[in-house]
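Hello,

Here is the structure we talked about handing over. My notes follow below it.

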Amino acid sequence: MKNLLYLTSIILFVSCGSDTNNNEDIQIGYEILNSGKKVSLNAGDVSTIEVWEKYVDAHNNKDLETIKSLNHNDIKILTPGGEINTSEEHIKFLDRWFSENNPNWKTFYMIANELTENDTLKQYVTSCHELTITEDTIQTKIAQIHDAWIVDGKVKKFYVYERPVNSND
């Protein structure tokens, strides 16, 4: 009986002390890959949010050097207006766009998430923003959702989904 009490105490102690709360254990949804396979979408590493926050802040500050330092050289950006395939192309576009439109993003949320595809961990940040652009004196507000793939502390790829904001929003 004494041995059973010791064994129970040890099991209880070990189970209470073990950390089972890693992100792989927190499924928040799923993603369907191009192959049609459904894979778990899990809570991600919050450090990816820090990268994306810095990236958005650099855009608000029109800081092309910081943006360039956070871009992978072969960054891919998919937007409703087209596709950008290199960091150099991105910086050239932003330089002109910043001066013509004075864009500014107001963040509503950022969510770190990750999935495993072909034995590779992919870490994303999904975020929602209100973009305000100013052409001459006219301001236009646009609701945007970004899905950003973060690799080694830099932005590898991101998607932009958007719609105009109307006065009822």
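Start at one pair: Lys-76 stands opposite Lys-157 in β8. Four bridges join β3 (residues 71–79) to β8 (residues 154–164), and the two run parallel. Strands count as paired if DSSP finds at least two bridges between them. Helices (H or I, at least four residues) and strands (E, at least two) are DSSP runs, numbered from the N terminus.

Some ground rules. This is a predicted model, in which local features need pLDDT of at least 70 and side-chain atom pairs count only at pLDDT 80 or more, while totals for chains, interfaces and linings use all residues. Residues are numbered from 1 along each chain as its sequence is written, and side-chain values use heavy atoms, with hydrogens and water left out.

**The sheet**

The protein has four helices and eight strands. Eight strands form an open, mixed sheet in the order β1-β2-β5-β6-β7-β8-β3-β4. β1 (27–32) and β4 (82–84) are at the edges with a single partner strand each, so one side of each has no neighbour in the sheet. From one strand to the next, the twist averages 25 degrees.

Helix α2 (residues 47–60) packs on this sheet. It touches β3, β5 (104–117), β6 (120–135), β7 (138–151) and β8. Contact means heavy atoms within 4.5 Å. The direction of α2 makes about 145 degrees with that of β5. Axes are lines fitted to C-alpha atoms, for helices over the stretch in contact, and angles run from 0 to 180 degrees between N-to-C directions.

**The core**

The largest nonpolar core has 28 residues. Such a core is a set of buried Ala, Val, Leu, Ile, Met, Phe, Trp, Tyr and Cys residues joined through side-chain atoms within 4.5 Å. Buried means under 20% relative accessible area, exposed over 50%, partly exposed in between (1.4 Å probe, protein chains only). Among the residues with the most contacts inside this core are Trp-52, Tyr-55 and Ile-150. Its largest share, six residues, comes from α2.

Which residues does Ile-150 contact, leaving aside neighbours within four places in sequence? They are Thr-48, Val-51, Trp-52, Gln-123, Val-125 and Val-155.

**Helix α2**

Buried residues in α2 include Thr-48, Val-51, Trp-52, Tyr-55 and His-59. After α2 comes Lys-62, whose phi is positive, near 55 degrees.

**Overall**

Buried residues make up 35% of the 169 residues in the protein.

Best wishes
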